[in-house]
Amino acid sequence: MAQNKIVSLFLSTILLLEACERQAEDTTLASEEAKATEAAHKDSPRFGAVDEARLSNAASDLDNWLSYGRTYAEQRYSPLDQINDENIDELGLAWAVELDTNRGQEATPIIVDGVMYISTAWSKVMALNAPTGDVLWRFDPENIGAKAAHACCDVVNRGVAVWNGKVYVGTIDGRLIALDAATGEKVWEEITVDQEKPYTITMAPRAVKGKIIIGNSGAELGVRGYVSAYDAETGDLVWRFYTVPGNPADGPDGAASDDALTELALPTWHGEWWTLGGGGTVWDSVVYDEAFDQLLVGVGNGAPWNHRYRSNGEGDNLFLSSILALDPDTGAYKWHYQASPGDTWDYTNTQQITLVDLKIDGVVRKALMQAPKNGFFYVIDRKDGTLISAEPYVYQNWAERIDLETGRPVETPNARYLDGPQMVLPGGIGGHAWQPMSFNPETGLVYIPAMTVPLVYAHNEDYEVHHGRWNTGVTFTDPPASEDLKGTPEQRRAQMSAMQKGYLIAWDPVAQAPRWTVERDWPWNGGTLTTGGNLIFEGTPDGEFEARSADDGKLLWSFQSHRGIMAGPATYRVDGEQYVAVLGGYGGSMGMATPDERNKFIPPNGILMAFKLNGAASLAPYEPLERPAPAPTNETFTAAQLETGREKYFTYCTICHNGPTNPELDRTPYMQNANAWRAIVIDGALEANGMASFDEYLTAEEAEAIRAYVNMLARDLAGKEKSAE
Ligand code: CA
């Protein structure tokens, strides 16, 4: 049992998802929304009036937060200083809106002329009166619930784009939808992915020069990554760039990527990578670089993770784990920088890309900054992708350094786990995930929500491709003794657990060193916002929304929201009054896959909150829902059943049912009834909630074997909880 819990802890750093609670529709009265719309509309001539000139000048537009990272440069810095380090203790809740689900909330709100536009879990969209929180309209794209089984990391959505009177959202089932910014009515909708394949979308679209840029997710499930540009007015596809080559036997795609794939990428691939798509999804970062009129695109990991299975262990596998520069009008290739050649760890470069002018050795460089999963902070010249510098922002053990001459990492012995299992830091969840970082030009510091979450990688000798399910080609095993881990297996496991930490790092990108660090006892902290008031705002998984001084990191203010906060905050001003808004709601990959024994309650529904000076609102009383007690049956199961159940449980169940967000299987009452269990697992009785049928992967006997194993887990858990009383 202890062994199984340990394995489950290791699995916890992998990020899958299956079953999901999708809750009943909110039933706000349409007439109230119409009244609120009228009130918000009276001073605003047009909803969603964002154009190229406005986006270009967004940095000096203090009232608004016009795009995902506030400006094209995505620094997430606002010069607003009405709320500042001297009056922060007067900050209070202005308003809050409770959401319809306890699934993860990752979106950054966009604020245009007193109206807030935001997406929530299941790719729903809301418009609100930004100073009052009155809901103007709501949009539900009506995703198929079972699609949640294809979402590696929860049914999250990171935000909308606003352009020329329209609001754009990418949906978990792969659509791009344009809504009327005034009414929320659908203007057009395009299916951006092959609906037969396990693609999803969680990223915020970006509006660039009359086009809407959108990528997709699903590398672990087996897809081929790409990024597309759609005409903002008509929804017509303008160009598409595939990040990895397809099957050469199929010939060119007729896409913007054809030449770059043939000339640069194809020679770096081996074997039959196309059977699982190769990966390389563009699932988060896309920024428009006005200075060089180029789009900078972050590309994800390979499918499967294990380079030996993906590409016979040979080749760099371009453009995985890279930043790509593309022509925004045509999608044509300009340059690339690959951070982790031949990725074999799930090291994505999809993390936020931030544009900045940095004075380095007396010369101002037009640079991009990125803290990708692999643990190094990169400063890269945007002119041609030349690496300027790269130093580790968290402890890492896979590379000795990044060679500035070649731009390539110098890997440590056995980092690729070719000679047996290896504990690697960062693990697959990364030193930094999608949680946005911010850059304050006054302090010159980047505020990174970082973490250390180790993972033991071992070559999986028995790996079989599971189309539409998780594919790593890796076994997550007990940690071997190493420089980082010493003593007995038990001691080594304890050392690994102790390494699991969260950090807020204030990073000096010129010196490539931390100025200060806040250490937290849990990873998966929220995105950061920094302001002209010498402040940083950041949420925590424990529900705190914190403000710190930007120069020295001192904690100045905190608000307990009772929801883990992951999303990036935004700030804006209406009628001369400054607000800070953030979404609360725990989930995402860690919410699905990582047990959090510190909290004995079921995460409550998410919440959207806005704060202002002397705000006097309060949250509805928090009534914590206790996790159900384990209630196993007294049935007898055979040893063979338990063994089959154990294997299938770890193959199919834990990635989504290991964390606090989805129902915990060792506490579900469904384990008591074989018919109910079969109806859910095989017949898909809870598909609408996000729990897909596993008919394609499991026989009825195997589903029953999982029930047997879950009953055993529940017995162990009940015994443990009783002895702890
Ligand atoms: Ca991944």
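Start with D113. D113 is partly exposed, because its relative accessible area is 30%. Keep in mind that this is a predicted model. So which residue does D113 pair with? Its side chain meets that of R54 in a salt bridge, 2.9 Å from N to O. Look at where the two ends sit. R54 is in helix α3, residues 52-56. D113 is in the loop between β3 (110-112) and β4 (115-120). The two are 59 residues apart in sequence, so the pair ties together separate parts of the chain.

R54 also has a salt bridge with D61. There the closest N and O atoms are 3.6 Å apart. Is D61 buried or exposed? D61 counts as buried, because its relative accessibility is 18% and the cut-off for buried is under 20%. D113 is partly exposed at 30%. D61 is buried at 18%.

Why would such pairs form at all? Side chains of opposite charge can pair when their charged atoms come close. How many salt bridges does the model hold? The count comes to 40.

Here is another one. D194 and K197 meet through their side chains in a salt bridge, at 3.4 Å from N to O. D194 has a relative accessible area of 35%, so D194 is partly exposed. K197 is at 39%, so K197 is partly exposed as well. Then there is a network.

Which residues form the negative surface patch? The patch is made of D85, E86, D551 and D552. Take D85 from that group. D85 sits in the loop between β1 (77-78) and β2 (91-98). Its relative accessibility is 32%, so D85 counts as partly exposed. Membership of a patch needs over 30% relative accessible area and no salt bridge. At 32%, D85 is over that cut-off, so the area condition is met.

R667 is found in the loop between α8 (639-657) and α9 (674-681). R667 is buried, because its relative accessible area is 8%. What lies by its side chain? A polar atom of the R667 side chain is 3.0 Å from the backbone oxygen of P628.

On to the backbone. Most residues other than glycine have a negative phi, and most peptide bonds are trans. Here are some exceptions.

Two cis peptide bonds come up. One runs from A303 to P304, with omega near -10 degrees. P304 is in the loop between β16 (294-298) and α5 (307-311). Another runs from L425 to P426, also cis, with omega near -10 degrees. P426 lies in the loop between β25 (422-424) and β26 (438-440).

Then positive phi. W122 has phi near 70 degrees, and W122 is not a glycine. W122 lies in the loop between β4 and β5 (124-129). Buried or exposed, for W122? W122 is buried, because its relative accessible area is 1%. D154 also has a positive phi, near 90 degrees. D154 is found in the loop between β6 (135-139) and β7 (161-163). D154 has 1% relative accessibility, so D154 counts as buried.

Two distances to finish. T202 is in the loop between β10 (186-191) and β11 (206-208). T202 is buried, because its relative accessible area is 6%. How far is T202 from E106? The two are 96 residues apart along the chain, and their C-alpha atoms are separated by 9.1 Å.

E725 gives the other distance. E725 is placed in the segment after α10 (700-724). E725 counts as exposed, because its relative accessibility is 81%. From E725 to I212 it is 513 residues in sequence. In space, C-alpha to C-alpha, E725 and I212 are 56 Å apart.

Key: Residues are numbered from 1 along each chain as its sequence is written. This is a predicted model: local features need pLDDT of at least 70, side-chain atom pairs count only at pLDDT 80 or more; totals for chains, interfaces and linings use all residues. Side-chain values use heavy atoms; hydrogens and water are left out. Patches are made of residues with over 30% relative accessible area and no salt bridge: like charges are joined within 9 Å, nonpolar side chains (Val, Leu, Ile, Met, Phe, Trp, Tyr) within 5 Å. Accessible areas come from the Shrake-Rupley method with a 1.4 Å probe; for residues, only the protein chains shown count as cover. A salt bridge is a side-chain nitrogen of Lys or Arg within 4 Å of a carboxyl oxygen of Asp or Glu. Lys and Arg count as positive and Asp and Glu as negative; His and the chain ends are not counted. The place of a charge is taken as NZ of Lys, CZ of Arg, CG of Asp or CD of Glu. Helices (H or I, at least four residues) and strands (E, at least two) are DSSP runs, numbered from the N terminus. Buried means under 20% relative accessible area, exposed over 50%, partly exposed in between (1.4 Å probe, protein chains only). A polar contact is a pair of N or O atoms within 3.5 Å; within protein, one must be able to donate a hydrogen and the other to accept it, and residues adjacent in sequence count only if both atoms are side-chain atoms.
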